[in-house]
Protein chains: 2
Amino acid sequence: MTQADWQAASAALQVPCVLSIGSSVEDYRAVAAAVDVLVASPLGLWDLLPLESPALKIVSLTWAGIDRLAPFDWVPPGITLLNASGAHAQKGAEYVVMALLMLANRVPALAVAQAGHRWVDGAFGRTLAGSHLTVIGLGAIGGRTATLARALGLSVTGVRANPRPHPDCARVVGLDGLDAVLPGTDFVALALPFNAGTDRLLDARRLDLLPRHAGLVNIGRGRTVDENALFDRLDAGRLGGAVLDVFEDEPLGVDHRAWRTRNLFVTPHMSADDPSTVSSSILSILVDNLNAHARGLPMPNEFDTARGSRARA
Amino acid sequence: MTQADWQAASAALQVPCVLSIGSSVEDYRAVAAAVDVLVASPLGLWDLLPLESPALKIVSLTWAGIDRLAPFDWVPPGITLLNASGAHAQKGAEYVVMALLMLANRVPALAVAQAGHRWVDGAFGRTLAGSHLTVIGLGAIGGRTATLARALGLSVTGVRANPRPHPDCARVVGLDGLDAVLPGTDFVALALPFNAGTDRLLDARRLDLLPRHAGLVNIGRGRTVDENALFDRLDAGRLGGAVLDVFEDEPLGVDHRAWRTRNLFVTPHMSADDPSTVSSSILSILVDNLNAHARGLPMPNEFDTARGSRARA
């Protein structure tokens, strides 16, 4: 993140602001007494704790998923935590659509065939349009996924903790409705934060509610799926395929089972970031939040540390 | 193709029809004298030549690309040839969109990493929305590709022999405009028939007009690109990547260079077929053509044997 990124984003800022950019703990200490808004990556923040900035009001984290900072007992009282939900929406949603198309076209198996220099006759796959997609987690990425998937002709069911209508979902149900929608699902996409409510949400029992041809995509957090239960079902042909960008333990070691699970395509936690646009997106989102705060409105990215997700998600 | 497929499709047929289904040359000979419309795959047709059906008016082929039947001197005078352009539009267009997303997300390189059990840090790729796509060949598949790509936020330039506006293309140019659009192209997709006018249309000189980051997708015919010139540029990093479903010589042998070309993902000529829907699509298209013919209108799938493409493409 550079001065230029901030200058571009802050053109829309409606309150005065003095900017300091630092890259070390010492840089922070030099300005800590005056800081009221701190922007940091979850990795960088760790080194700054405990936060000794008496004027501090807002800590804005540059990731959408900030579960590695849980438990949030390090947040001083009265301070609002913001995540960067929204900065990854388009890239993440594009990844999910790619993964759905790869599953419909049997790309996980074709990748193995290419590595073995094998031409597979008759590996036609199927058309994606008309399929039923269930998106679990209808935040910024999940919501954008619904929009793109609908544009490609899929029928989308949304699942979220606090269900309310979404313009591109045929229906939105709560977590208590999940079991009922899984049997009619051709593809399931998970775009969930990790917290107590999402821990292994797709466990073995729920995986077995999916039809045998179903495909699964996970771009949220690995621990929202029972990973070994999923791998067992893929290897046994009990599920059609999966594309996973997130895993229980990252990075995957060379001997990890995921690399050789049948009909599974692995990507290295890259789905949601586009380095060429993410800094400006993060800062635009921060500016939107600061403007809302200045007008006395709720900040859209306020993070509920007790629930482990955005307060209004 | 079954009696049931035909019964479903022929509900829309506005002229009387007696159907015979056969699976051998003998089956054909038994009814040849009375046949006025013959439906055949290019592979099956070959065994029926010369066609000895005095009443024959229309030969309807079940493939969109029928270049392996060229030269078309076997077509008896006065007989109209139809191809199956349209039957593959949705599946083929979905494949192109998948390939674009795979290129934006560097999936060809990630597939190699998975085969080697290697986790690649920082392999983020880029957002596809906002990119410039050039679709060469704006027939049924190319046209549908433009529609889906635009829905995902791409800006689409169409290139076709007889340029005319397309609702989802920002502009459509003729083949004489191709050189001028290539330098501003992020992704180029080829959906062309093979004929004298498309033979190595993307030759080394034109490949060098593309920017270094550009990605290429080919779902038409392998010989519309200079394959070795493309492989040279991929291996040298002079182009960003490619996803190819068609090749000069298919199937690829185990030692073919394509399998190990850098940033190239290979699929085995499966992009455009969906076995679960293609028969009914082909027959629906035939019914549309027969209805047009009965009303004295041009048949949309009439094939121009001299040009090697649809008459109105």
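**Getting started**

Chain A holds 10 helices and 12 strands, where helices (H or I, at least four residues) and strands (E, at least two) are DSSP runs numbered from the N terminus. This is a predicted model, in which local features need pLDDT of at least 70, side-chain atom pairs count only at pLDDT 80 or more, and totals for chains, interfaces and linings use all residues. Residues are numbered from 1 along each chain as its sequence is written, chains are lettered from A in the order in which they are written, and side-chain values use heavy atoms, without hydrogens and water.

**Exercise 1.** Find out how the radius of gyration of chain A agrees with that of a compact globule.

*Solution.* Start with the rule: 2.2 Å times the number of residues to the power 0.38, with the radius taken over C-alpha atoms. For 313 residues a compact globule would have a radius near 20 Å, and chain A agrees because its value is 21 Å. Next, see the box that the C-alpha atoms fill: roughly 65 × 40 × 35 Å along the principal axes. Finally, 54% of the 313 residues count as buried (under 20% relative accessible area, 1.4 Å probe, protein chains only).

**Exercise 2.** Explore the buried residues of H5(A) and what they pack against.

*Solution.* First locate helix H5 of chain A at residues 107-115; its buried residues include A:Val107, A:Leu110 and A:Gln114. Then look around them: within chain A they pack against helix H4 (89-104) and strands E9 (241-244) and E10 (264-266). From chain B, helices H4 (89-104) and H5 (107-115) and strand E10 (264-266) join in. Last, step past the helix to A:His117, which has a positive phi near 55°.

Technical notes
Buried < 20%, exposed > 50% of the residue type's maximum accessible area, 1.4 Å probe, protein only. Contact = heavy atoms within 4.5 Å.
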